[in-house]
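Please look through the sequence and the model below before reading on. The paragraphs that follow lead from a single side chain to its surroundings, and from there to the sheet and the helices.

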Amino acid sequence: MSDTETGAGEAPLDRLQFSVFGFVSRPSTEVYEAVVDPESLSRYFTTGGAEGRLEPGNAVSWNFSDFPRRFRVTPVEAQPGRRVVIEWGAAESTTVQGAASTRVTFTFEPVDDGSRTKVTISEDGWRVSRDRAAAAFGNSMGWTGFLAALKVWMEHGINLREGFYC
């Protein structure tokens with residue numbers, strides 16, 4: 001086998017990261033608003049409610065009645081209609097700086113002359129281990145579900161998540 005096939009010569013894997021994406025048939029400003037506004041987010045994602053707008057300096061929490069736990073969310077960056085970056089506590093994770101959280105980046109890319117939006121969600125900061133990989137893969141599933149719920153809510157007004165996990 002060659003070095004390319006075995007991975008020899010590559011830097012060791014020291015953290016896990018992933019990205020998921022989907023398209024929503026609404027302009028990027030509307031899709032962005034549905035993500036950063038706690039009332040909107042509570043209609044399709046945070047089954048126990050969201051508090052605080054996703055903007056730096058705001059106290060934000062997400063509660064899930066189907067996963068009874070409130071998550072503290074720290075908005076790091078907000079570029080209206082374009083991008084949101086948050087950090088949130090994730091068991092068995094670490095950011096590059098060493099804090100016990102992961103960094104999640106939402107990007108909103110206008111497509112089809114602005115009539116649709118490509119939403120990409122990337123999460124970074126998981127340490128490498130079997131248990132932590134399982135947790136990261138679980139979050140990957142969760143963010144994919146988020147995208148599906150966002151799309152169905154924005155395009156059809158249906159709460160896809162209601163009753164999905166319990």
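Is Trp 88 buried or exposed? In this predicted model, Trp 88 has a relative accessible area of 9%, and because the limit for a buried residue is under 20%, Trp 88 counts as buried.

The ring of Trp 88 also has an aromatic partner, since Trp 62 and Trp 88 form an edge-to-face pair with 5.7 Å from centre to centre and 65° between the planes. Trp 62 belongs to strand S3 and Trp 88 to strand S5, so this pair ties together parts of the chain that are 26 residues apart in sequence. Trp 62 is itself buried, at a relative accessibility of 1%.

Trp 62 takes part in another aromatic pair, this one with Phe 45, which is again edge-to-face, with the centres 5.8 Å apart and the planes at 90°. Phe 45 lies in the loop between helix H3 (38–44) and S2, whereas Trp 62 is in strand S3, so that the pair ties together parts that are 17 residues apart in sequence. Phe 45 is buried as well, with a relative accessible area of 5%. These rings are part of a cluster linked by ring pairs, whose members are Tyr 44, Phe 45, Trp 62, Phe 64, Phe 71, Trp 88, Phe 106, Trp 143 and Phe 146; the count of aromatic pairs comes to 15.

The strands named so far belong to an open sheet of seven strands, arranged in the order S1-S7-S6-S5-S4-S3-S2 with antiparallel pairing. Its edges are formed by strand S1 (15–24) and strand S2 (49–51), each of which pairs on one side only, and the twist from one strand to the next averages 20°. Helix H2 (residues 28–36) packs on this sheet, where it touches S1, strand S4 (69–79), strand S5 (83–88), strand S6 (102–111) and S7, and its direction makes about 155° with that of S6. Helix H4 (residues 130–156), for its part, lies across S1, strand S3 (60–64), S5, S6 and S7, and runs at about 15° to S1.

Technical notes:
Residues are numbered from 1 along each chain as its sequence is written. This is a predicted model: local features need pLDDT of at least 70, side-chain atom pairs count only at pLDDT 80 or more; totals for chains, interfaces and linings use all residues. Side-chain values use heavy atoms; hydrogens and water are left out. Two strands pair if DSSP finds at least two bridges between them. Helices (H or I, at least four residues) and strands (E, at least two) are DSSP runs, numbered from the N terminus. Axes are lines fitted to C-alpha atoms, for helices over the stretch in contact, and angles run from 0 to 180 degrees between N-to-C directions. Contact means heavy atoms within 4.5 Å. Rings of Phe, Tyr and Trp (its six-membered ring) pair if their centres lie within 6.5 Å; planes under 30 degrees apart count as stacked, over 60 as edge-to-face and the rest as tilted. Buried means under 20% relative accessible area, exposed over 50%, partly exposed in between (1.4 Å probe, protein chains only).
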